[in-house]
Amino acid sequence: MTLLDFARGPALQWSLFILVFGVVWRVAGSLLFMLRKDLSKARRRKSVQDGMTVIVTRSLPAHPFEKRIRFQHYSGYAWHITLFIAVLFFAPHILFFKSLLGFGWPGLPNGFILISAAVTLAILLALIIRRATNPVLRTISNADDYISVLVVAIATLTGILSFAHIGGRYETMLAIHLLSVEALFVWFPFGKLMHTALVWPARYQAGAAYGRRGVKA
Amino acid sequence: MNGEQGALAKFRESLAALGERVTHVEMSDEERVRRARAAFTSGLDVRMAVDLETCIHCGMCAEACHFYEATEDERYTPIFKLEPLRRHYRRELSPMRWLFRPFTRKLSAAELAAWQPLVYDACTGCGRCDMMCPMGISLSPMINVMREGLAAAGLVPDELQAIDAEQRDHGTVFGVGEAELRQRIASLEKDGVVIPLDKDRADVVVLTTAVEVLVFGSTLAATARIMQRLGRDWTLLTAAFEASNVGLLAGDRAARRQATRKLVERVAACGAGTVIVPETGHAYQALRWEGANDAGAALPFEVLALSEFLAREVEAGRLQLAPVTNGASVTYHDPCRQGRQGGVFEEPRSVLKALGLELRETASNRRENYCCGGGCGEYVIRRAAPLRQKAFEIKKHEFDSTGADTVVTSCANCRVNLAIGADNSGWTRPVRGLAELVAENLAD
């Protein structure tokens with residue numbers, strides 16, 4: 001079995017299993033924590049509406065508090081968007097999704113994908129440097145904060161290298177890229193990348209809880 | 001020096017001596033940690049679990065915190081104030097605890113002690129960070145749990161511990177019990193104020209606080225005048241007049257429940273359908289939003305902040321006001337636990353409008369309002385005075401930027417803190433209570 005066969009075979013299967021099982025385990029485990037019934041009389045009884053509203057509003061830019069956090073806020077938007085472009089609209093990626101899902105979609109030109117991936121990588125590196133040097137971020141950070149960014153950055157970097165045929169044989173670089181993505185899958189349920197799944201209930205419950213008091217969170 | 005200023009000066013002197021009253025409970029380090037862990041575990045719920053799982057450590061909450069803004073001290077980043085709680089959750093309760101435990105340090109007594117100033121001195125639980133977090137994390141409820149853990153470990157700051165023990169063990173706050181209340185009421189009655197005490201049955205029960213009794217008797221008098229004008233069937237219960245809940249502030253869960261249950265039982269026995277919480281932010285939170293949970297059942301009466309009650313009466317046309325005609329302008333300070341954490345934003349503004357006053361909003365208002373700097377019992381902690389003053393400067397700047405003649409608020413504790421900050425900095429803008437303005441402008 002070649003390295004590429006391994007990456008395309010058992011490594012992919014096991015990493016996907018860990019990803020799915022881990023995500024379900026962590027989300028379910030969090031949501032099954034003790035629920036406290038609030039016995040106070042609600043000022044407003046539109047929890048679903050208030051919760052859904054906050055899911056949307058906390059995604060919006062130009063938050064009144066963010067005078068000093070523009071870089072962080074907008075760079076966060078930027079790297080998420082460019083990463084999704086590279087992941088979802090690169091033709092070989094679409095073929096991979098098609099093999100999993102049974103359907104595909106049109107891709108974007110390779111040059112555009114390459115620029116998107118490069119922007120993602122640049123921002124991630126800037127964010128790591130910022131985390132290590134900004135007093136607030138340095139104080140509140142733990143290993144997860146660095147590992148989570150690094151696994152995404154490495155997956156992006158190996159993708160760029162394999163696309164550009166830099167660093168070794170194409171098959172070897174592709175295998176390394178696949179393995180780095182699989183490392184991301186394995187890390188995903190254990191680190192803060194899980195916010196991808198948990199941000200929605202977190203925002204919802206903030207909106208619903210404050211909403212019943214009559215406060216637009 | 002007028003009567004109120006004199007009373008405030010005397011009150012400040014009494015605050016300075018609070019810490020001397022504390023009897024420290026001897027406890028081994030292991031016991032402190034054990035108790036803190038137990039309190040953390042019982043205090044956390046699904047909402048907090050999801051929040052702790054979701055945090056990405058972006059640090060944006062720092063920008064919402066007045067203590068961080070005033071000092072740029074990274075330790076004041078709100079999520080950092082929760083670090084012991086987060087670690088406890090991660091080690092003991094998280095769905096991934098089996099994996100996280102070997103990589104997550106155990107709590108230590110020294111660490112809990114080190115977090116005391118972060119949680120009590122440098123956080124007023126104002127909830128401004130709750131409005132900021134891009135993940136939707138509500139940090140202020142978890143600050144309450146942090147305080148509960150530290151309280152269980154015997155690590156409440158001395159001054160707060162003193163008044164917590166006083167209310168828990170004696171039922172008084174700042175030394176104000178039935179005798180002191182009666183004395184104050186007697187002095188108000190000389191000015192024609194009528195306060196019906198201990199009626200067997202009444203439609204409305206009005207609460208007050210030790211701070212009103214000691215410092216802002218004018219607010220209690222104003223409330224009485226307004227009730228008298230409305231002709232409502234009301235009373236003030238000498239056995240259950242205190243709306244302050246120091247247990248809530250200190251993190252003493254048992255004391256919080258005890259104070260609430262006592263209040264609820266006495267008021268329920270009176271058959272009142274409405275309870276009016278005085279101008280004290282945390283008292284509104286304690287009864288309106290936590291009261292039923294602490295009592296274990298829905299409350300048998302409605303709870304209204306005084307400003308809510310005033311707005312309701314004004315809007316219904318039952319309370320007629322004589323609008324101010326001198327073109328005076330005011331700015332309104334939202335007490336955090338009535339406003340951002342209680343939903344009372346528009347009612348006081350509606351009353352100010354009915355008074356004919358020009359309302360000039362501070363740049364940050366309503367859900368984004370800055371705390372006065374001394375909420376949640378913070379203003380009694382002596383060592384926190386320099387930090388508190390820095391936070392006050394933010395508030396002062398906001399007030400001054402409006403150019404308003406007067407600051408109006410609906411919280412006696414905010415008024416005390418603003419008065420202390422003003423005194424320390426030579427700031428002279430008047431700070432008034434909403435009820436006083438209303439009582440001074442009742443239509444003939």
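Helix 10 of chain A gives the most to the lining of the second largest pocket: seven residues. Helices here are DSSP runs (H or I, at least four residues), strands likewise (E, at least two), numbered from the N terminus. The model is predicted: local features need pLDDT of at least 70, side-chain atom pairs count only at pLDDT 80 or more, and totals for chains, interfaces and linings use all residues. Residues are numbered from 1 along each chain as written, chains are lettered from A and ligands numbered from 1 in written order, and side-chain values use heavy atoms, without hydrogens and water.

The second largest pocket holds about 1200 Å³ of space. A pocket is an open set of points on a 1 Å grid over the protein atoms alone, where a 1.4 Å probe fits, with protein on both sides within 12 Å along at least five of seven lines; lining residues have an atom within 4 Å of a point. The volume is the space filled by probe spheres set on the points. Of 38 lining residues, Arg36(A), Asp38(A), Asp45(B), Arg47(B) and Asn293(B) are closest to the centre.

| Lining class | Residues |
|---|---|
| Nonpolar | 14 residues |
| Polar | ten residues |

Strands pair if DSSP finds at least two bridges between them. Strands 1 (204-206) and 3 (274-277) of chain B pair over three bridges. Val204(B) stands opposite Thr274(B).

Notes
Ala, Val, Leu, Ile, Met, Phe, Trp, Tyr, Cys and Pro count as nonpolar, Asp, Glu, Lys and Arg as charged, and the others, Gly among them, as polar.
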